[in-house]
Amino acid sequence: MPSSVGSAAFSRRGFLAAGAGTLAVTAVGGWTPVHALPLGSSDSGSLGGGATLPAPPDFPSDIDLAQQAYQNWSKEIMLDSTWTATPKNSGDVVRLTNWAHAQGYTLRPRGAMHGWTPLTVVNGASVDKVILVDTTKYLNGVVVDAGGSPATVTAGPGATLDAITSALQEQGLGWANLPAPGVLTIAGTLAVDAHGAALPADGGSALPGHTYGSLSNLVTSLTAVVWNGTEYAERTFSRNDPKIKPLLTNLGRTFVTSVTMQAGPNFRMRCQSYTDIDWQELFGPGGASGRTFESYVAANGGVEAIWYPFTDKPWLKVWSIAPTKPAGAREVTGPYNYPFSDNVPEPVTDLLGQMNAGNPGIAPLFGQTMYSVTKAGLTATGSSDIWGWSKDVQFYIKATTLRLTEGGGAVITSRANIGRVIHDFAVWFDERIEFYRAKGQYPLNGPVEIRCCGLDEVADVAVPSAGAPTISAMRPRPDHPDWDTAIWLNVLGVPGTPGMFAFYREMEQWMRSHYTGADYTFRPEWSKGWAFGPDQPYTDGAIITGALPQSYRVGLPSNDNWDTAVATFNEFDPHKVYSNTFMDQLLP
């Protein structure tokens, strides 16, 4: 039945103050926006002054609806209040969608909010007719079918990677390529083709059920709410249906209510950390001798470098498959084994942002301090050489880690080019940072992160498949079958740092112009920062409507590229219920 309190209105300006007297809403696995004021709450009368957020008319009364504050991971998109609905099942999502269509509202799926982009809400845009849909409270079921061929797990959109991989591990199953934060929801993960830092060692390949590409490549079927010509309804897509391909990496342009994904036998991994290799050796040119990034990939597989600003020796993590515990390694029985990096309180980040706004010269000291904390922390916690099940060694970022802005992207190339790609970037980055330091400017004060993973190879899919996710950054290029590797080059910074976005813009323009031609191409990392303007990310119209879509046309078939993905999104949601003003520009 529709709600009878459609005339109620709440003050945005007074929302947070009034919320201090209400209970915080707890979501799965991490931080959440606090202060929930239910639709029709008696507290609404205390919210006086300022602009109002009108109550949605005729809202289904049996679906929970409340105003909540919203902030993204880096706190660069913050809203005093938005309407947030909490459906109890997929049928509620269908009803919400048809209600929103009838009332002229838009719905934005909301998961862990561990993201940077305006794909959920747009900073500064009106949210008067926007409903966030919390998937984490009820739509989080996980069911493992270990006896299937292949073995699979079926999960609701709000199930976290922590929950899914724990359920898989109980059945002797796992995934080879996991992002660092386990708090991510599976629908959010698939929306942005999330990935880890996993590759096989030289001569290796993905084991059955696994992939070294994105998690999107593990999907065997999914169910989404789509327009059927008369109304919105659930529809299930199998992996051999060409229409599924845009939905596998959908940027939130659809609403997934269930997903089934293949899994492979679980395995033990070792992760060794090094903090004694000079960056000029580690990031040496392709084919260089010594302890180079590419040599660790060749011998072990997964590698990640975290290079703190204005320091000489990165924190290098090296993952390898190790069925038995190596001598000297410490066995771990759970994830998040670097407490010195996880447990930095949020106020420290906020304080650092304030200091940098008035004292940017703190950047070198910050970088040196973080390196020292890391080096000492690895020793104090016995974490420089750990061994355990795959998820326990791959998950390492918690909600308490430093909340930083991030920009960069992926270079798609051949494995043979790993050394060359990383060397070119490291040299460019060092030169530019030193250039600005000589001028007394410190536009970047967070670490460089460099990782590699595989691509979304069709051969990894254990069921009949129509092909790779259409707009995954890890989609292979048919005209370059030798391109088998994604090299992720990202740089982090403290929100509010003067000149940061201008530097990101300079870096993005360099990457796009340098990593092109016969040897590689450049694509954005959907969850991070891209399309940088001089003052803000996601504002360079030439990239948003030109270079970015073109990167999913060049070398791809005309019937399976950016344009067909946009057409599919519009076919399944012609009324753009699952969209916002930014997405209308990106996916017109």
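Predicted model: local features only at pLDDT ≥ 70, side-chain atom pairs only at ≥ 80, totals over all residues.
1. **The whole protein.** Start with the overall counts. The protein has 588 residues, and buried ones make up 61% of them. Its secondary structure comes to 16 helices and 23 strands. Look next at contacts between residues at least 6 apart in sequence. Of these, 77% join residues at least 24 apart.

2. **The sheet.** Nine strands form an open sheet with mixed pairing. Trace the order on the model: β18-β19-β15-β17-β16-β21-β22-β20-β23. Which strands stand at the edges? They are β18 (330-331) and β23 (520-523). Each has a single partner strand, so one side of each is left without a neighbour in the sheet.

3. **A pair inside the order.** Find β16, residues 302-307, and β17, residues 315-321. These two strands pair in the antiparallel sense, over five bridges. For a landmark, take A305, which stands opposite L316 in β17.

4. Now move to β23. This strand runs antiparallel to β20, and four bridges join the two.

5. **Side chains of β23.** In a regular strand, side chains alternate between the two faces of the sheet. How do the side chains of β23 point? Y520 and F522 go one way, while T521 and R523 go the other. All four of these residues are buried.

6. **Two helices together.** Two packed helices are described by the angle between their axes and the distance between the axes. Here α13 packs with helix α14, residues 541-550. The angle is about 25°, and the axes lie 13 Å apart. An angle under 35 degrees counts as roughly parallel. The two helices are therefore roughly parallel to each other. The crossing of α13 past α14 is left-handed.

7. **The contact residues.** Which residues make the contact between α13 and α14? From α13 come E508, Q509 and R512. From α14 come I543, A547 and L548. Sorted by class, the contact has three nonpolar residues, one polar and two charged.

Definitions and conventions: Residues numbered from 1 in each chain as written. Heavy atoms only, no water. Pairing = 2+ DSSP bridges. Axes fitted to C-alpha atoms, helices over the stretch in contact; angles between N-to-C directions. Parallel < 35°, antiparallel > 145°, perpendicular 65-115°, else oblique. Left-handed = near helix turned anticlockwise from the far one by under 90°. Contact = heavy atoms within 4.5 Å. Nonpolar A, V, L, I, M, F, W, Y, C, P; charged D, E, K, R; others polar. Buried < 20%, exposed > 50% of the residue type's maximum accessible area, 1.4 Å probe, protein only.
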